[in-house]
Amino acid sequence: MSVGPKDRMEEQERIDYVLKEIERKETALYSKATGLKEDVIELRKTFWDDVTVNLDEPDDVIETQASIKQQAEFLAEKERFHGKIGDELKVLKRMKKSPYFGRIDFKEHGEDQVEKLYIGISSFLDRQDEDFLVYDWRAPISSLYYDYALGNASYNAVNSAIEGEISLKRQFIIRDGILKGLFDTGLTIGDEMLQEALGHNASTDMKNIVATIQKEQNRIIREERSKLLLVQGVAGSGKTSAALQRIAYLMYRYREELNPENVVLFSPNPLFTGYIRNVLPELGEANVRQTTFLEYLREGIGEGFTVESPFEQMEYVLTKENSDAYQTRLSSMEYKATLDFKKLIDNYVEKLRIEGMQFKNISFRGEILISKEEISEYFYSLDEAITPVNKMEIVAKWLQSELKQYQRLEVKKDWVMEKVELLDKEAYLKAYYEAQKLDEDMFVNEEKVLRKAVVRKMFGTLRKQIEDFDFVHVAKNFRLLFSTTRELENTPNNWNAICEQTIHDFSNNHLTWEDAAPFLYFKGKLIGDKQERAVRQLLIDEAQDYSSFQFAFIRHLFPYTRMTLLGDINQAIYVNVTKENPLVPGIQESEHERITLTKSYRSTKQITEFTKAFAPGVEEIEAFNRDGDKPKLLRLTDPSHSSRAILAERSAYLEKGHEMIAVICKTVQETERVYKELKEAVPVTQITEETYGFSKGFIVLPVYLAKGIEFDAVIIPDGSSSHYKEKDRTLFYTACTRAMHDLTIISGEEPCSFIKEAKVDTYEMVEDEIEKI
């Protein structure tokens, strides 16, 4: 809806006024920060001048400790306050560019006055700190902007719902304090605002979407009741953006209870972690703990094993079809993804409570001090009702006690004096002062102290191993699971072959991806695991790629945590593990809320209409009304011309102004081949599993590393039927839906069957054009 010149002028005048107030506050904060910085520097310089130090008597020592603590707390408080001012200044700096993006005129029922509410990334008060010049987008009243069109509306305040009427809804595009666009709309968020936001080039960093949050996305952001929030969103529906705004909202809503350490986000890969790193800081919040599930598992498993990544597993599935063990491996992946396998592990652990637990000898200098048989005998002498984890705690205390006896005996042995002679001067001085405190002969005491110090240090390694439960042979116990559970019910027909394959991998200290979570789960059942009790919120992106076993394990690790699972079952590229995924309709979870996003905002209408024809799922996919060119199917008479065709498409896209052009391949093998061919002609970047960030330009990467990321244009170098078969449907769909503005599929043979599922008028087919290049 158009807005007249008068309204435009009045709005610009208000922007100018707000900017002056921001600058005024900025000046005041800078002055306060400068004074605080000087105070902090001075405090650091004179820290010990204001501390009473007296170590003569025990009471004096206590007084000294209290004095140091008081001075340290005073300094820390000054530094915290200085940091808080710094954070405020960062927010004001962002607000100077665009102080707000929306306005609603709201009249509460029973009131005479209409209130003009301006919505921005942060709240901002007038100079009397009485009235809001800008409301934070996360404030309860701001939900009116996202959830309602003109007419009756309500929002939840502290104790009740506030009802009223919205008479005006206005959206702004402000750049560096200048009003560039102004729209009045009767909708929640008008198409003009979205068109402006979505029509830009792709970015190497995800941007916040606070100005264009849709009603269904706002529901994700502000959902607080359910312990488990399931978000099934089609490609480009903004589910990940909404999840990050959700974190910012929760940090705002529970400011006194929630801090960045209480929130964990599992990303699909390091590249995506880098891609989203700026969203929360843009919103004035510190980044939360971000990691991948692979990194989390590797940290828990430790350095004793190499752990296959999910991408290496995918590469195996896509490229090793002719391997003799291929079908066995696929069966292994499928079974180990299930809750049946978890139950098998649980039953095996119950059996180990009675017999069969494997231990390691406690040895010192090549001599067995406590044998594995002795440890086993003590373990099984304990009450069977005690859980293995609690038993291990008891065994560890017993071992530490036994170790003391051996430690006393070792002190008198000849080897100790040989080690004493190798000690440095500092150790001798320490022994001298300790010997002075004793009443015996100085020389004898000094030698005794030195001997004890040497033995204590060398036994320290053993004590640490016992503290870490290293006397339990976790690896051997896990390996025996596959040699003592043959011919069981509810196992695959080729379970024996799976067991042999697992034992072979395990003997090489290698864990496949399907074994990584089960092994860490098993390890925790024996010696305890690191339950994340302090984590209040866990968000899992690309949740469709997690197995039911992995979800159960995550639930076990985060027992008191509210979880948000985001994904798209259409992009479930790990097809062997997703049959019982919670995102699949019909798979029920207790105490959960399910939100489905059906509208795709990333791609043009033409790309979405083309790709939804071969989407793997049955969910509705609605295209946002943003026009562009139809996807192009480029048929080559000679497949060897593929690289030349890619380069020609690149040139055409650069002329259109595209800044991020991606060649998305099916596998790493294909990626490496294409990259090798292209790098001889033009600057190009290859994205690998270890890539943590990327720049704008020409990029080559495998499809499973492109998940969650978008590009101006996408080129699929081989869309032939021999390359993409029916089992690759999710991969092909995922690759195509990374494109924002343009999509080209090259095929030197018969195009894959998925393209034939699309209506012929949804794409353009070009043949033999490469011959003219």
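**Exercise 1. The hairpin.** How many residues lie between E1 and E2 in the hairpin that they form, and which residue in the turn has a positive phi?

*Solution.* The model is a predicted one, in which local features need pLDDT of at least 70, side-chain atom pairs count only at pLDDT 80 or more, and totals for chains, interfaces and linings use all residues. Residues are numbered from 1 along each chain as its sequence is written, and side-chain values use heavy atoms, with hydrogens and water left out.

Step 1. Locate the strands, which are DSSP runs of E with at least two residues, just as helices are runs of H or I with at least four residues, both numbered from the N terminus. Strand E1 covers residues 102–108, and strand E2 covers residues 115–120.

Step 2. Check the pairing, for which DSSP must find at least two bridges between two strands. E1 and E2 run antiparallel and are joined by 5 bridges; aspartate 105 stands opposite lysine 116 in E2.

Step 3. Read the turn. The hairpin has 6 residues between its strands, and glycine 110 in the turn has a positive phi of about 95°.

Step 4. Strand E6 (residues 161–175) runs antiparallel to E1, with 7 bridges, and isoleucine 104 stands opposite lysine 169 in E6.

**Exercise 2. Aromatic pairs.** Classify the pair of tyrosine 145 and tyrosine 146, and then the pair of tyrosine 378 and tryptophan 398.

*Solution.* Step 1. State the rule: rings of Phe, Tyr and Trp (its six-membered ring) pair if their centres lie within 6.5 Å, and planes under 30 degrees apart count as stacked, over 60 as edge-to-face and the rest as tilted. A search of the whole structure finds 48 aromatic pairs.

Step 1. The ring centres of tyrosine 145 and tyrosine 146 are 5.1 Å apart and the planes stand at 80°, so this pair is edge-to-face. Both tyrosine 145 and tyrosine 146 are buried (under 20% relative accessible area; exposed is over 50%, partly exposed in between, with a 1.4 Å probe and protein chains only).

Step 2. Tyrosine 378 and tryptophan 398 are stacked, at 4.3 Å centre to centre with 5° between the planes. Because tyrosine 378 lies in helix H13 (residues 372–381) and tryptophan 398 in helix H14 (residues 388–410), the pair ties together parts that are 20 residues apart in sequence. Tyrosine 378 counts as partly exposed because its relative accessibility is 24%.

**Exercise 3. Helix H10.** Decide whether helix H10 (residues 310–319) is mostly covered or mostly uncovered.

*Solution.* Step 1. Count the buried residues: 8 of the 10 in H10 are buried, and the helix is therefore mostly covered by the cut-off for burial.

Step 1. Name some of them: the buried residues include Phe311, Met314 and Tyr316.

Step 2. Identify the cover, which includes helix H9 (293–301), helix H11 (326–336) and helix H20 (513–527).

Methods:
Contact = heavy atoms within 4.5 Å.
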